[in-house]
Amino acid sequence: MAPWLTVVGIGEDGFSGLGKPARRALLGASRIFGSPRQLALLPRCVNGERVQWPSPFSLAPVLAQSGEPVCVLASGDPMFYGVGASLARQVPAEHMRVLGTPSSCALAAARLGWPLQEVHILSIVARPLAAINAQLFSGVRLLVLSNDGDSPAQIAALLRERGFGPSRMHVLEHLGGPEERQLSGTAEDWTHAHSAALNLVAIECLATPDAPRLSTACGLPDSAFRHDGQLTKRDVRAITLARLAPQPGELLWDVGAGCGSIGIEWMRAHPSCRALAIEADEGRQGFIEHNRDALGVPGLQLICGKAPQALVELERPDAIFIGGGVTRDGVLPLCWERLRPGGRLVANAVTLQSEVALAQFRQQHGGELTRIHVAQTQPLGSFDTWRQALPITLLDVVKPFDA
């Protein structure tokens, strides 16, 4: 079957900037879907019915035209944060062809002289602004796809708040079109309250000397989290995350999440990692909501409730961490049952009772028990001595594929 659907990437230079295959597809289409701005770029000689996207956005009107010659307009490269990627998940590849133009990020890199492969790219189009926080490191260059004309000023405010006021910002408006314009300045001196709705923000990140220095490695300082003491401490957290071994695209259950530190660092390991933080205490739920935004993983999903009841209907995870509640009836058995084959279960125990529960679980399902002792120096008169933290017993077990 010949492709019935053509996704055309169109730039700010409109129909005149398209190649012959894209022009032929538009001239032969019975219907053309796009935003009002994109549809307005087409000349009168394009006779197909022009259909604006519904609100709320839905691909259903396009999918309903299966078999008819249909075009969909996208901005720049349709497969780069574009509608082409969404359509590709529902339309077989042999039924669809994609004719793209340079993305706004490619154009921005060309204007600024930035090697595109060395730039971090993220989108805040209908996404939380807080996602930028995970990418803030001195010396890093960012290209941020803006949500609207207010985004640049909001980004500047975020950079100032996070100690990155000296960062250099470039706002590139209407890239590739006759109205193209560039605004530049530092975040701390940014004076442009509004920009054109169609813009991209380029950032050369530079921190102040006193800004927190957060690593991409697991084991962030305890001070990076707002908490009430219910926190998996830094050294134990690093060991725990090493056992959990996050992989791209995987889902973690953080059971008894406390302030959310394990789930947050799991998601910081890779942009596609996902986590559910299960926590019953209202105060700690507030800590989780604050910490996930401050550390750049606003996609962390908070599940308000107690285990095991709160776990029953959740999506099956690839890994589970139990930081509290291993002695509660049904928690360990339900977690083991719901864990995907090949998944990892890691649980920490501090009390004798919880340690016994882990030992009994190990007898039935196998795995490793590790005792973790951490001591830190503290003053003793005019000298220093070691102060031992409570020892932690860690259970690490992988669920067999035939379980």
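Buried means under 20% relative accessible area, exposed over 50%, and partly exposed in between, with a 1.4 Å probe and protein chains only. This is a predicted model, where local features need pLDDT of at least 70, side-chain atom pairs count only at pLDDT 80 or more, and totals for chains, interfaces and linings use all residues. Residues are numbered from 1 along each chain as its sequence is written, and side-chain values use heavy atoms, with hydrogens and water left out.

Q: Why is Gln285 called buried?
A: Its relative accessible area is 11%, and the term buried applies under 20%, so Gln285 is buried.

Q: What is Gln285 in contact with, leaving aside its neighbours within four places in sequence?
A: Contact means heavy atoms within 4.5 Å. By that rule Gln285 touches Glu279, Ala280, Leu302, Cys304 and Gly305.

Q: Which residues of helix α1 are buried?
A: In α1 (residues 20–28), they are Ala22, Ala25 and Leu26. Helices (H or I, at least four residues) and strands (E, at least two) are DSSP runs, numbered from the N terminus.

Q: Why do the buried residues of α1 line one face of the helix?
A: Seen down the axis, they fall within an arc of 95°, so they line one face. The arc is that of the directions from the helix axis to the C-beta atoms. The face turned away from the buried side carries the exposed residues Lys20 and Arg24.

Q: What covers the buried residues of α1?
A: The cover includes β1 (5–10), β2 (31–34), β4 (70–75) and β5 (96–99).

Q: How do you know that β2 and β4 pair?
A: Two strands pair if DSSP finds at least two bridges between them. β2 and β4 have three bridges, in the parallel sense.
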